Amino acid sequence: MSDKKIKSMVMAAVMAALTYVATTVIKIPAPTGGYVHIGDGLVLLCGWILGPWWGGAAAGIGSMLVDLLGGYMSFVPGTLIIKGCMALVAALIVKAMKESKASYVISAVVSEVIMVAGYFVYEALALQLGMGAAAGVLANVGQGAVGLVIALVLMALLKGSKALDKLAVQW
């Protein structure tokens, strides 16, 4: 196995673990039975640092493990797909826009819209809540806003410290 592939796998595992920790450390209960957390910030960083495939896998797995180990079994498949798609889309937008400052903001907003819409559709269809799924939209918007700010701040700090050059996986 090549050094590049090993580095990619290790970084994906580390980012999945960090995503898990960020999601479980601070939980603000939502009226819908779920919770708001800061993990979305790490989901976005997974995509930006690791690229679409490794980042999508790390974000999806790290976030899914929170549901799996936290007793939210019905959300496991939805979280895996939704969070993985968030990181994948964030990475592709940043790359398409040549890593401009605006690309990070735009990719974060688009990714958080994917999260809000994804959970609404998942809850409405897969969990058969119908329009009752709308009750979680506001909490998800709040979570998305927090995640967006955290991701942008962390990315600015990483870029400013030049640490990103050592962490990032070439994709």
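Trainee: How many nonpolar, polar and charged residues are in the lining of the largest pocket?

Mentor: This is a predicted model, in which local features need pLDDT of at least 70, side-chain atom pairs count only at pLDDT 80 or more, and totals for chains, interfaces and linings use all residues. Residues are numbered from 1 along each chain as its sequence is written, and side-chain values use heavy atoms, with hydrogens and water left out. Ala, Val, Leu, Ile, Met, Phe, Trp, Tyr, Cys and Pro count as nonpolar, Asp, Glu, Lys and Arg as charged, and the others, Gly among them, as polar. By these classes the lining has nine nonpolar, 10 polar and three charged residues.

Trainee: How much space lies in the largest pocket?

Mentor: On a 1 Å grid over the protein atoms alone, a pocket is an open set of points where a 1.4 Å probe fits, with protein on both sides within 12 Å along at least five of seven lines; lining residues have an atom within 4 Å of a point. Grid points are joined across faces, edges and corners, and the volume is the space filled by probe spheres set on the points. For the largest pocket this space is about 400 Å³.

Trainee: Which residues are the closest to the centre of the largest pocket?

Mentor: The lining comprises 22 residues. The closest to the centre are Gly 34, Tyr 35, Phe 75, Tyr 119 and Asn 140.

Trainee: How many salt bridges does a search of the whole structure find?

Mentor: A salt bridge requires a side-chain nitrogen of Lys or Arg within 4 Å of a carboxyl oxygen of Asp or Glu. Under that criterion the search finds two.

Trainee: Why does the salt bridge of Lys 83 and Asp 40 tie together parts that are apart in sequence?

Mentor: The closest N and O atoms of this pair are 2.3 Å apart. Helices are DSSP runs (H or I, at least four residues), numbered from the N terminus. Lys 83 lies in helix H4 (residues 76–96) and Asp 40 in helix H2 (residues 39–50), so the pair joins parts whose separation in sequence is 43 residues.

Key
Helices (H or I, at least four residues) and strands (E, at least two) are DSSP runs, numbered from the N terminus.
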